[in-house]
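Here is a short report on how two chains meet.

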2 protein chains.
Amino acid sequence: MSGTLYGVGLGPGDPDLMTLRAHELISKARIVAYPALEGGTSFARAIAADVIPLDAREIVMNIPMTTARSPAQAAYDQSAAEIAAELELGHDVICLCEGDPFFYGSFMYIFARLSADYPVQVVPGVTSITACAARAGMPLAARNERLTVLPGPLPEAELRARIDGAESVAILKVGRHLGKIRGVIEALGLTRHATYIERASLPDEVICPLADAPDTAPYFSMIILTKGVDPWL
Amino acid sequence: MSGTLYGVGLGPGDPDLMTLRAHELISKARIVAYPALEGGTSFARAIAADVIPLDAREIVMNIPMTTARSPAQAAYDQSAAEIAAELELGHDVICLCEGDPFFYGSFMYIFARLSADYPVQVVPGVTSITACAARAGMPLAARNERLTVLPGPLPEAELRARIDGAESVAILKVGRHLGKIRGVIEALGLTRHATYIERASLPDEVICPLADAPDTAPYFSMIILTKGVDPWL
């Protein structure tokens, strides 16, 4: 009988924002897997560091820092094979994911490769979006309002059209696209409605009006823009 | 010195999907507040039932079952006043919220009424969206894909236009709008990409292709539609 693969969301960064279920699974893990930037650190592992048993086996998924598909595909193929070998032996594998496994998470590439052949359970996590909203004190959506989630790397014209037609907007993966995004929001006259958030829930968190945002942003940064939330009902 | 108001997300329903922080705050609470349908039960209280101390004071926010604004406003005014009276005495109040407090949560109406005058901390929770995706085994969004969140009560023409222009879509608050939404998705030729989920993570959960969905849906139901998630990277 094969083991079960668990895709476990860890939330936005503060370990206290992991779920009870995530905590339980990780604290009893014999084998954990997690993505790491090639030769670098793993944000997922850092969130769970105090919970991972000292004697657990750790499978590091080395993700190449490139937007090219082929090296990344090869990395996920190899990680999936390594995980599958443990599952074949009847061992459960706990795959750690920043945020939520199915929300811009690398776990979905492992899921795609293994879910047809092995039992998989996905444990949802707090996403960066609601974590940022909570920290910024910005209600995201009420009643019949729409929420649009846009990745920052989208082309300028598309960002402009999507933001223009949206109500509440969360723009993820701001990073080096900050200047472009800021320009789009400024051109739409919406800067006063936008808040910049960096590393939400972590000790070095930054929250400020978009107009006061720094010149450079890390990958884990977000802009929340709410045009119409009416919190008075 | 006044007390602190905590808006605490409880996640989608399974108590194990609350965060460690939520569990800690609730288990030490002296005063909890939560919404309840007028004269009825409270889903939020049910999620936290095993964690609320037996001797905690409970403030029930009776929300009238109507789409009219005035009775609901009066109900939130009254609940906010009741909470404020405790904060004035220096008592912390833990306000329980299904899902996430700032994501279609009633807490935002309390937040709007009290956040200028009292310290407020918002604890994000797992939303129904990622919980449904996890249970349905449906990755929501990867790389530069967009995610659009639409409330089911939106007019048919708007739903149609928004779904047509979207990539991944989560439609919340399906309930009595199921027939309308199903018609829109069918007309767009997208039914085969859509999954119906009811009461995700709870014992009486329902998950099925939209084509097989029941004729009537409860308020806590959702349709997830993903056109283009490419999980192979």
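How many residues of chain B are in contact with chain A?

## The interface

In this predicted model, 51 residues of chain B are in contact with 51 residues of chain A. Several elements of chain B give two or more residues to that side. The helices are H1 (20-27), H3 (69-88), H4 (107-114) and H5 (128-136). The strands are E5 (120-123) and E6 (147-151). E6(B) gives the most, with five residues.

## Strand pairing across the chains

Strand E6 also pairs between the chains. E6 of chain A, residues 147-151, and E6(B) run in the antiparallel sense. Three bridges join the pair. One residue meets its own counterpart: the bridge partner of Thr148(A) is Thr148(B).

## Helix H1 of chain B

H1(B) has a set of buried residues. They are Arg21(B), Ala22(B), His23(B), Leu25(B) and Ile26(B).

What covers the buried residues of H1(B)? The cover includes elements from both chains. From chain A comes helix H1 (20-27). From chain B come strand E1 (5-9), strand E2 (31-37), helix H2 (43-48), strand E4 (93-97) and E5. H1(B) also gives two or more residues to the side of chain B that touches chain A.

## Domains of chain A

The domain assignment of chain A gives domain 1 (5-123) and domain 2 (128-225). Their C-alpha centres lie 27 Å apart. Seven residues from domain 1 and seven residues from domain 2 make the contact. The side of domain 1 that touches domain 2 has three nonpolar, three polar and one charged residues.

## Confidence

How does the model score? The ipTM is 0.95 and the pTM is 0.96. Chain A averages a pLDDT of 94. In chain A, 97% of the residues score at least 70.

Key. Residues are numbered from 1 along each chain as its sequence is written. Chains are lettered from A and ligands numbered from 1 in the order in which they are written. This is a predicted model: local features need pLDDT of at least 70, side-chain atom pairs count only at pLDDT 80 or more; totals for chains, interfaces and linings use all residues. Two residues are in contact if their C-beta atoms, placed from the backbone, lie within 7 Å. Helices (H or I, at least four residues) and strands (E, at least two) are DSSP runs, numbered from the N terminus. Two strands pair if DSSP finds at least two bridges between them. pLDDT is the predictor's confidence in each residue, from 0 to 100. A residue is buried if 20 or more other C-beta atoms lie within 10 Å of its own, exposed if 12 or fewer, and partly exposed in between; C-beta atoms are placed from the backbone. Domain bounds come from an automatic or database domain assignment. Ala, Val, Leu, Ile, Met, Phe, Trp, Tyr, Cys and Pro count as nonpolar, Asp, Glu, Lys and Arg as charged, and the others, Gly among them, as polar.
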